[in-house]
Amino acid sequence: MAKLLMWFLGVFFVLTKLVDSYEFEEFFYNKTEGAFLESVYGASAAAPPPLMIGLTIIHGAAARGAVCLDGTLPGYHIHRGYGSGANSWLIQLEGGGWCNSVRSCVYRKKTRRGSSNYMEKQIPFVGILSNRAEENPDFYNWNRVKVRYCDGASFTGDSEDKAAGLQYRGKRIYQAAMEELMSKGMRYAKQALLSGCSAGGLASIMHCDDFSNLLPHTKVKCLSDAGLFMDANDVSGGHAIRDFFGGVVKTQSLQNTLPRTCTNHLDATSCFFPQNLIGNIRTPLFLLNTAYDSWQLQESLAPHTADPHGLWHDCTLNNERCSPSQIQFLQGFRIHMLNTVKRFAASRQNGLFINSCFAHCQSERQDTWFSDNSPTINNKPIALAVGDWYFDRSGVKAIDCAYPCDRTCHNLVFK
């Protein structure tokens, strides 16, 4: 009974994380966990209970002013490696949206995305963080770390708003976490992978070269999952995501901390978009993304502000309800994404897996990362594609055919 309870709590946590990973200002789903269990996660009672890992607070962060939005100390979760993976490290930067105004950041600081006071004391390690070879064949015995996200700007800010009681210290949080992990043995790493999903996927791009510079004698690569947020027109012809990112940049004064290789020739908001950053990354980088990313469909392409009459409402919840003209629009978005990564893909050191699914964060979910029926391109699942690329077993430049040809997708369906 105790094991069954632990399994249920672990699955419940994963489902609530899936909902929360779609965080956007004043945006909430009224989906039930039952609906996610049935149509998204694909869990069954036969699945073993996930490994639960406790939260570690970074007490040394206070000295460098590395604090969450509300001033509390940041944290992370770590499961030690062993055997052949004892000197290998996988660092995952947590995602979870952004805040784009003082008002939304004030709200956020009362949640686990802005304060360690509200963070879960334990979280399940699944997908790329799993400790089981049958679930995570290449990284299961590595030192695996999840760095919690509580700054609201993908670990990039370094300013404050004293009047509002807000600390925008994402950059310092990242540095404090790395300093602590170095002291716990990462300095001796023979190989390392910096990863992240969604807002964390953007952060893994932002900090990829920083991470590599930290470990000059280590084999270092980076993985960005669902972090390729496109600077694209929404369904009304407007720029919903650019306007939103502009608010994030302005609120946290990110023009002072974004990569100079970008801001020396583009405006700061443009430099929050990965498409303007990936060309300057020196470290090998793998982009894992769906061509019809569910988050971008709902909050960048067809948010309520761009679709006030709800013509896209059903399509954003279930791809099978999209009209032919809506699918045509989404095919244009896919082509835009593929054109954006052409130069990136030309580099032998980089990797690519863009499948034609309606999903988000495929490395964090067990059913999409590695399972009996996980998504594939040319019969290769995501976990093996990433592993082949990381260990140089083969080059990976996998681009799926256009929707609806891929029958292996685990499309997200919202009710």
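Let's start with two helices. Helix α9 (residues 294–301) packs against helix α11 (residues 324–340) at an angle of about 110 degrees, and their axes are 13 Å apart. Helices here are DSSP runs of H or I, at least four residues, and strands are runs of E, at least two, numbered from the N terminus. Axes are lines fitted to C-alpha atoms, for helices over the stretch in contact, with angles from 0 to 180 degrees between N-to-C directions. So α9 and α11 are roughly perpendicular, a label for 65 to 115 degrees.

This is a predicted model: local features need pLDDT of at least 70, side-chain atom pairs count only at pLDDT 80 or more, and totals for chains, interfaces and linings use all residues. Residues are numbered from 1 along each chain as its sequence is written, and side-chain values use heavy atoms, leaving out hydrogens and water.

Who touches whom? From α9, Q296, L297 and L301 meet F329, L330, F333 and M337 of α11. Contact means heavy atoms within 4.5 Å.

Now the disulfides. The structure holds 8, each a pair of cysteine sulfur atoms within 2.5 Å.

Take C208 and C222. Their sulfurs sit 2.2 Å apart. The S-S torsion is about 100 degrees, so this disulfide is right-handed. C208 lies in helix α6 (residues 208–214) and C222 in strand β9 (residues 219–225), so the pair ties together parts 14 residues apart in sequence. C208 has 0% relative accessibility, so it counts as buried, meaning under 20% relative accessible area, with exposed over 50% and partly exposed in between (1.4 Å probe, protein chains only).

Last, C401 and C405: sulfurs 1.7 Å apart. At 40% relative accessibility, C401 counts as partly exposed.

Terms used
Angles under 35 degrees count as roughly parallel, over 145 as roughly antiparallel, 65 to 115 as roughly perpendicular and the rest as oblique.
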